[in-house]
Amino acid sequence: MSSSPGASSSKDGPTATPPALPEAAATSASGTLDSTGMALVIGCYTLWGVFPLYFHLLSAAGSVEIIGHRILWTLVSCLTLIALRRRWAQLVHVVRSPRLLGMLAVCGLLVSVNWLVYVYGVNTARTADAALGYFINPLVTVALASMLLAGSFFMTVSLGLMALAFSFALYGLVKKQLGPDVDALTGLTVESAVVTPIALAYLGHLAWQGQSAWQAPDQGWWILALLVVAGPVTAVPLLLFAAGTRRVPLSVVGMGQYIAPTIQFLLAWGAFHERIPPARWAAMVLVWAAVAVFIGDAVRQLLRRPRPR
């Protein structure tokens, strides 16, 4: 289941909000891509790529329970960082803005859906299927960028695309629309806070019924510790993602998204020994071929972008 920590100084007042920048401003003055933004994007997708290794350790817990803890401890992690960095003014500013609060509420719901579908796929030996969904995601992201950010491209999207692809592509789009109005830490805090009441209600119900994973005699503190770690494990790549989407064009973010599903697919095959039928291998080969064409075309367009004099 989220705006760059360094994009707005911690000394800014609650109303010190710079104007939104066009996507073209995500490049440096020399016309080259922001190297810091690229590093943030690559870093977050690499971390997401190895996430299945962590979620396999939580297989004793149900997918919804994992997401409940993930939401709760992400909020705790974010509030701790806000307290340490004294960023309460920015948080109050966002909460008092109906537009920003509404957009972040949508982000919180979208990323929660994405988390749930993904964790369910990993914990039911369908990591390869989850990887396929994330392979589709970049195409959806770039299509949305063309339709809604540039307004010059129309595409009819098949209803058969996986929930993983649409939920995270829409999440990235809304985050891009927020632009510099909300910094990464504040944004993730609000996103988590919006869905935390739902998470608490579900976790409380499980605990009341004695059905929480940490209440099982053979699990105890070990599984609880792993669930608590879900907070920082979730927050770090989401903060990197939010920071990266503010520094580079959304089309570049879309290209970077192929890193995570490639790692996930290789883990499904090499580490988890999932059964991948020949038809799936053929599909993945076609996807990788399409990815190569797509990236080649995108790089060509970036190289042809006029440089400012």
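In this predicted model, Phe-241 has a relative accessibility of 1% and counts as buried. Tyr-45 is buried as well, with a relative accessible area of 3%. The ring centres of Tyr-45 and Phe-241 lie 6.2 Å apart and the planes stand at 80 degrees, so the pair is edge-to-face. Tyr-45 is in helix H1 (residues 35-49) and Phe-241 in helix H9 (residues 221-247), so that 196 residues separate them and the pair links distant parts of the chain. Tyr-45 and Phe-241 are also joined with Trp-48 and Tyr-171 in a cluster linked by ring pairs.

A further aromatic pair is formed by Phe-55 and Tyr-118; it is edge-to-face, with 6.0 Å from centre to centre and 80 degrees between the planes. Here too distant parts of the chain are linked: Phe-55 lies in helix H2 (residues 51-56) and Tyr-118 in helix H5 (residues 98-123), 63 residues apart. Phe-55 is buried at a relative accessible area of 1%, and Tyr-118 counts as buried at 4%.

A ring also takes part in a contact with a charge. The charged end of Arg-70 sits over the ring of Trp-115, 4.4 Å from the ring centre.

Cys-44 is buried, with a relative accessible area of 0%, and Cys-78 is buried with a value of 0%. With a disulfide taken as a pair of cysteine sulfur atoms within 2.5 Å, the count comes to 0 disulfides.

Technical notes
Residues numbered from 1 in each chain as written. Predicted model: local features only at pLDDT ≥ 70, side-chain atom pairs only at ≥ 80, totals over all residues. Heavy atoms only, no water. Buried < 20%, exposed > 50% of the residue type's maximum accessible area, 1.4 Å probe, protein only. Phe/Tyr/Trp six-rings, centres within 6.5 Å; stacked < 30°, edge-to-face > 60°. Helix = DSSP H or I, 4+ residues; strand = E, 2+ residues; numbered from the N terminus. Lys NZ or Arg CZ within 6 Å of the ring centre and 35° of its normal.
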